[in-house]
Amino acid sequence: MQTEANPKRKRPKKKGNRFMRNAKGFAKQGIFGRGTHIDDEQFSYFINILDAMKAGFEDVEERVNMANNVFEQTDGQEIHLSSNQIVSKALESLVGFVENTQLERYFEKFGENLRPLCSDRFASHVLQKMLEIAFLRGVGKTAVLKESDAAGKRAKPDAAQVEEEYNLTTAFSDDHRTKCRQFVLRISKFMLNNLEDFVWDTCASHIMRTAILCLAGMHVPKIAFEKGGAEMAKHQKLYAVPEEWQEVMKEFPQRLEMWPQFADFPYQEHSSALLGVICLALRVTDKSMLKHFGKKVLTLSLLKPNEEEEGSEKKDSDAKMEIKDNDEEEKGKSNQELKPVLPKVFHHQSSVILLETILSVAGAKLLTQMYAMLFCSRVAYLALQHETNYSIQRLLQHIKEVSDFEAVFAELHPQLEELLKMGFTGVVSALSGACLRLGSKQAQMIAFLQSALHVSSDKERSKLFFNCLVKLKPFEVVGTDESGFVHLHGSLIAQNVLQFNKPIFLVNCILDLPASQLVQVFNTPNGSHIVDAFMQSKFIGEKSRERLIRQLDGFYVDLAITRHGSRVLEECFKASQEAQQLRIAKELFSKANMLKGSPYGRIIYTKYRLDTYKLSPTQWHESLTKQFSAEQSKEPKRKLAKTTTEANLVST
């Protein structure tokens with residue numbers, strides 16, 4: 001299977017310190033970065049700036065001061081310096097923290113030279129970043145409509161989150177915000193009017209994609225933008241934008257679909273990425289247009305037959321007949337039967353990524369059409385290929401019709417063991433997730449998992465189903481594996497199964513395990529979330545929860561002093577009755593010194609106010625209950641306020 005030049009998916013290279021090391025090395029030879037020439041003094045200044053940025057800043061104010069000083073140094077040389085590799089990197093990192101006048105000066109200078117700058121491999125990065133910053137300042141914090149779950153997961157904000165928050169919350173003047181909105185619209189219209197020149201341009205296509213996202217009111221961090229596809233949808237934030245912006249955005253797909261080259265767009269990296277961004281933007285702005293555009297991409301591009309396969313078949317038919325024995329003929333026939341004829345979309349990395357994007361945004365009707373035309377009778381084969389198993393995962397994550405899912409399940413379940421052997425565990429995880437989401441084939445999924453892990457033959461083996469499942473290894477291997485390893489997808493499958501309508505078999509397997517083994521699993525990053533599913537599942541009885549909580553008696557201190565185990569303790573405490581909560585508190589208090597010796601233990605000690613437990617356990621419990629109930633009552637109010645704000649923004 002061809003994926004352009006590389007048989008595997010391209011992964012971003014880890015640059016680390018190489019950029020700075022190489023830049024300093026070339027400087028000794030008199031080469032001060034690629035692009036336009038700068039002198040030794042300018043090179044030293046900007047290299048020192050990059051070194052200072054790498055060391056980090058104490059606060060935002062320090063970063064703002066540096067940004068303003070750096071941009072003052074470029075006065076009168078904005079275009080020349082932006083076109084140098086070293087300077088471009090510094091300006092791109094700092095443009096988000098400059099004051100009004102500095103940014104507006106760059107708007108003016110860049111606006112006079114847009115065409116060459118869009119195609120410049122260094123200045124284009126600065127322009128793309130300016131567009132992103134102008135968007136954030138133009139819409140402001142009050143325009144936030146929706147934030148993805150993945151967008152705010154990090155406890156400590158990274159540089160991109162600090163930059164985003166600064167541009168959204170800083171009190172810029174109304175005049176500056178207006179100029180920022182005008183800049184976004186100007187760049188977007190320039191891109192629209194020069195589509196023919198920029199669609200295949202490596203540098204300009206990135207600016208075009210950013211412009212389309214801005215017009216749709218979507219902000220995506222740079223890391224997710226570079227990965228493209230479904231990662232962008234996962235980390236997006238939505239903002240309220242003027243209707244004029246959305247109308248300009250819709251002109252991009254309307255013009256592109258009339259081009260004679262439209263059918264070849266998915267098979268070239270930059271044009272394919274552009275189609276993916278348009279699909280993401282249309283999901284937010286116009287779902288009926290998304291349906292029309294997606295169907296056009298499907299019928300004109302994705303269903304194209306693979307020309308290379310057709311050519312090879314003709315060559316085979318024209319070749320001379322060779323004498324073969326019966327065994328060789330049978331092998332040849334079986335290979336042909338196993339490998340279905342695949343359309344061109346599955347032979348190119350760029351088109352496969354576009355397909356995954358469309359699957360993640362398509363409505364029920366378009367998804368059904370895509371399944372029938374592209375996946376039907378090919379699911380098992382595609383799931384077993386390195387390049388296409390991600391497409392099957394996306395299909396399973398978004399499939400909406402139960403009848404379509406049952407057909408997919410029928411194709412996949414005989415291959416479960418083979419998928420686990422080959423390491424394509426994400427497909428199995430996605431399959432169990434679809435069973436949960438659609439409420440279909442749940443009992444069969446558990447049975448086929450048992451069979452694939454070789455624990456269905458007798459009762460003794462079946463007791464180790466949970467062990468095999470979390471490691472995703474067969475019974476024969478798990479028997480000799482004493483490590484605490486928990487597979488990410490094994491944990492996700494276990495969580496899904498625990499939320500099935502009848503999870504009793506897995507529940508009994510967990511409860512029959514010794515507490516020491518359970519603690520070993522629950523103390524891992526992946527294993528700790530299994531407890532969340534166990535405690536929150538609607539189909540696990542109160543007695544089973546109480547039994548698990550009692551089973552962990554004597555091990556709560558071991559859980560409390562570790563990062564992931566402390567989460568497990570909190571979940572168990574929350575689900576416990578009063579008597580059990582008092583027993584947990586007594587156990588923790590009895591080893592208070594051990595608890596205080598760990599940073600996570602100290603958090604538990606403070607949160608549960610264990611210093612007051614000894615005085616009166618009953619009063620301690622009453623005050624703690626009041627505290628937790630007060631905190632819980634605030635949560636719905638916060639959610640309601642957020643929902644009301646979003647609704648008001650949508651209506652306006």
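Guide: Helix α21 (residues 364-375) contributes the most to the lining of the largest cavity, with four residues; helices here are DSSP runs of H or I with at least four residues, numbered from the N terminus. This is a predicted model, in which local features need pLDDT of at least 70 and side-chain atom pairs count only at pLDDT 80 or more, while totals for chains, interfaces and linings use all residues. Residues are numbered from 1 along each chain as its sequence is written, and side-chain values use heavy atoms, with hydrogens and water left out.

A cavity is a set of points, on a 1 Å grid over the protein atoms alone, where a 1.4 Å probe fits but cannot get out. The volume of the largest cavity is about 30 Å³, taken as the space filled by probe spheres set on the points, with grid points joined across faces, edges and corners.

The lining consists of A364, L367, T368, Y371, L395, I399, K400, E401 and D404, where a lining residue has an atom within 4 Å of a point. By class, five of the lining residues are nonpolar, one is polar and three are charged. In this scheme Ala, Val, Leu, Ile, Met, Phe, Trp, Tyr, Cys and Pro count as nonpolar, Asp, Glu, Lys and Arg as charged, and the others, Gly among them, as polar.

How values were computed. 1 Å grid on protein atoms, 1.4 Å probe; cavity = no way out; pocket = protein on both sides within 12 Å on 5 of 7 lines; lining within 4 Å. Helix = DSSP H or I, 4+ residues; strand = E, 2+ residues; numbered from the N terminus.
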